[in-house]
Amino acid sequence: MLRLLSGQRIVDALFVSHPRQMSRAGIARATGLSKPTVSALIADMESAGLVRVSDESPSSGSIGRPAALYELVPTARHSVVADIGATKILVGLCDLFGDLVAEQELETGPNAGAALKRLTGAGSEMLRAVDGSCHAVCVGVPGIYRPDQDRVEQAFNLPGFAGLALRARLAEHFDARIHVENDVNLAALGELTRMGDEQAGGDFAAISVGTGIGLGMVVGGDLYRGGTGSAGELGSLLLARPEPGAPPVTLEDVASAPSIRKRFGRAIEDGHRTTVDAGADVPEIFGAAASGDEAAAAVLDEVAASMALAVSHLCLIADPTRIVFGGGVGANPTFVDAVRGHLASLVATPPELAASTLGRRAALVGAVSMSLRLVHESLVAEILGDQPR
């Protein structure tokens with residue numbers, strides 16, 4: 001146990017110092033370990049291919065033998081990361097430091113089974129291309145993932161998850177640590193990764209608004225999933241108590257992309273003037289609203305008011321300091337500005353609202369972050385303790 005703890009200290013120090021290299025004396029100072037202990041463990045890690053002497057080590061010195069400088073080997077471990085969407089899959093391969101060395105966009109296909117086949121094929125090909133082994137796999141999925149049952153539920157925009165044991169199927173293709181996560185939760189981790197240290201302080205939320213609406217919460221630097229893993233289903237929030245016999249109206253019924261398009265068509269039918277085609281997509285509608293188009297502005301106002309109401313409830317319950325909007329609708333600055341305007345009248349101290357700058361890659365970036373956590377948790381035990389993955 002002491003050997004593993006000491007090894008973890010050394011690896012942590014090398015991670016923190018990256019891209020700078022460290023001498024054995026520098027590692028000893030940074031970790032508080034003795035020089036003989038550092039030398040022995042560095043030798044074992046070097047033999048295992050985790051650590052190497054840097055090419056930048058001095059070849060000569062003024063007095064005595066020059067100190068060798070050590071660094072972690074980026075290609076020592078690889079992770080396959082992916083985000084399965086309703087129409088597209090993003091698949092990537094990252095190294096030990098989370099740098100993407102390969103990335104590919106694929107068509108999702110007709111169902112979840114087809115998506116999984118394409119994902120595993122692309123991930124396996126990426127690994128063959130770098131002649132590397134896979135240490136971790138992290139996949140983002142729509143809907144709710146139940147890890148105890150290895151089941152994805154409520155993925156309404158992508159059929160075929162029923163009866164599909166996703167983690168078990170991934171394990172058939174990759175001898176690695178495997179993690180399946182809700183895509184908006186991963187997007188929240190992606191936004192956390194993108195923030196600077198000053199912005200990342202405090203609790204924050206990521207709200208994805210597109211074909212559907214979802215919420216990812218980060219509390220104390222970690223994802224908040226709730227008691228059963230179902231936290232974040234913001235799109236199902238009722239906007240008002242329905243009248244007897246009337247269908248309920250949820251946030252998704254008003255503020256999702258399909259709902260916005262329908263409401264725009266309805267606004268034109270109701271006589272609102274517009275210069276935009278009735279079949280316009282959301283970016284065009286919001287662009288017209290920013291230019292004063294009557295029908296588009298009416299729809300934007302209604303959608304932003306509904307989102308602001310939902311966000312006000314979130315503020316009263318969770319009190320996030322910052323909310324990042326992503327997705328095809330949410331990342332639109334016009335939409336975020338409109339929500340901000342309505343929220344100011346609902347919450348005494350509104351959180352900071354921002355549009356995501358990661359776009360569709362937010363969940364993939366979050367998957368990279370999660371894969372690094374998986375690698376970091378098991379790397380030293382595997383190298384020094386001869387533990388299986």
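This is a predicted model: local features need pLDDT of at least 70, side-chain atom pairs count only at pLDDT 80 or more; totals for chains, interfaces and linings use all residues.
1. Helix α1, residues 2–17, and helix α3, residues 35–47, have axes that come within 10 Å and cross at roughly 80 degrees. Angles of 65 to 115 degrees count as roughly perpendicular, and α1 and α3 are therefore roughly perpendicular to each other.

2. On the α1 side, this contact is made by R3, S6, G7, I10 and V11. From α3 come T37, V38, L41, I42, D44 and M45. By class, the residues of the contact of α1 with α3 are six nonpolar, three polar and two charged.

3. The axes of helix α4 (residues 112–130) and helix α5 (residues 166–173) also come within 10 Å, and they cross at roughly 30 degrees. With angles under 35 degrees counted as roughly parallel, that makes α4 roughly parallel to α5. The crossing of α4 past α5 is right-handed.

4. L116, L119 and T120 of α4 meet L166, R169, L170 and H173 of α5. The contact of α4 with α5 consists of four nonpolar, two polar and one charged residues.

5. The second largest pocket has a volume of about 350 Å³. Its lining has 17 residues, and L215, G232, L234, L314 and I317 lie nearest the pocket's centre.

6. The largest share, five residues, comes from α11. The lining of this pocket divides into 11 nonpolar, four polar and two charged residues.

Technical notes: Residues are numbered from 1 along each chain as its sequence is written. Side-chain values use heavy atoms; hydrogens and water are left out. On a 1 Å grid over the protein atoms alone, a cavity is a set of points where a 1.4 Å probe fits but cannot get out, and a pocket is an open set with protein on both sides within 12 Å along at least five of seven lines; lining residues have an atom within 4 Å of a point. Grid points are joined across faces, edges and corners, and a volume is the space filled by probe spheres set on the points. Helices (H or I, at least four residues) and strands (E, at least two) are DSSP runs, numbered from the N terminus. Ala, Val, Leu, Ile, Met, Phe, Trp, Tyr, Cys and Pro count as nonpolar, Asp, Glu, Lys and Arg as charged, and the others, Gly among them, as polar. Axes are lines fitted to C-alpha atoms, for helices over the stretch in contact, and angles run from 0 to 180 degrees between N-to-C directions. Angles under 35 degrees count as roughly parallel, over 145 as roughly antiparallel, 65 to 115 as roughly perpendicular and the rest as oblique. Contact means heavy atoms within 4.5 Å. A crossing is left-handed if the near helix is turned anticlockwise from the far one by less than a right angle, and right-handed if clockwise.
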